[in-house]
Amino acid sequence: MHRAHAGATPHVSQPERFDATLVSRGVGAIVLNRIQSSMGYGMERLSADMERPGPPSLLVVLCLKGSALVSLQGPAAARGQQIPPGQLFALDERQAYRLILGGPCELLILAVPLALLDLRQDVLQQQLACPLSASASLQLLEHQMQLLGQWSHELPTAEASQLSDLVTATLRAVLQSGSPASAEPSRPQGFLLQRVRQLIARQYSDPQLGPTEVAQGLGMPVRTLQAHLAREGTSLSAELMAYRLDRAHAMLRSAGTSIGKLAVMDVSRRCGFSSPAHFSRRFRERFGGSPVRMLRVASKKQKALAHA
């Protein structure tokens, strides 16, 4: 079992009668949880949950059985509504929310790091805590979630990474198709930054990836690439490091009980770091703790879930 992506505080009215199972699997940078409960309960995203280290994710929830009453806390709280079975809805981990399940239920919860979606906040905000707009891409995303939830075999690393990119791209299409704001034309520099991030997503595991390789892949001189990124307030090294660290965090989060230097070295290599020591130093700077410490915390939480 992989470590669950658990970023909310549960509320159970009768703990002595509560019976639930959770199965979680990591697929590349994404995590898919299947939760089955014999009675109703609640989940609330509190300020303490948002202060935990790690990149925030967009959660896509599908009620296979039972319905959910979902609301955003704060100024947008009035947008809460009842979501019937079979409808997908999204929650942003950067915002407080409350989810109440009134009876026996079965959920699929997909967690995709927001950094990988690269969408404007206004595109996301209008689609939170309500049924996502019907579209061909939405049906495809639902099928992808159910297929991954039913797949019982271990996925090879390369295939898991490709599937992660595929599901992320489908979710991005769902959100873009459901938002009128996304129809606005992008600035040329914004389009280039998107192309840079797409190239990084395909080649981040190559430790030799740098300005020359990216510029060649985009068909432009290195200086032109650097000038465009500077106008966007970023650089290739910053984009590459952010993506590699987010990938590494997701891999460690779903690494199960594989604890120790070998696990950290493997994640470091897969994410394109030439040195495990350099990887550990940058990981600590970004997330406030070492990769080994994160694995130990994940293992303890997994054991606690297994005995719950």
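Which residue in E9 stands opposite Arg-45? I looked and found Tyr-97. I note that this is a predicted model, where local features need pLDDT of at least 70, side-chain atom pairs count only at pLDDT 80 or more, and totals for chains, interfaces and linings use all residues. Residues are numbered from 1 along each chain as its sequence is written, and side-chain values use heavy atoms, with hydrogens and water left out.

**Sheet.** I traced E4 (residues 41–45) and E9 (residues 97–101): they pair in the antiparallel sense over 5 bridges. Two strands pair if DSSP finds at least two bridges between them. Strands are DSSP runs (E, at least two residues), as are helices (H or I, at least four), numbered from the N terminus. I read the strand order as E1-E4-E9-E6-E7, an open sheet of 5 strands with antiparallel pairing. E1 (9–11) and E7 (81–83) stand at the edges with a single partner strand each, so one side of each has no neighbour in the sheet.

**Helix H7.** I checked residues 211–218 next. Val-214, Ala-215 and Leu-218 are buried (under 20% relative accessible area; exposed is over 50%, partly exposed in between, 1.4 Å probe, protein chains only). On the other side of H7, I find Gln-216 and Gly-217 exposed. Gly-219 follows H7, with a positive phi near 70°.

**H7 against H8.** I looked up the contacts (heavy atoms within 4.5 Å). Pro-211, Thr-212, Val-214, Ala-215 and Leu-218 in H7 meet Val-222, Leu-225 and Gln-226 in H8.
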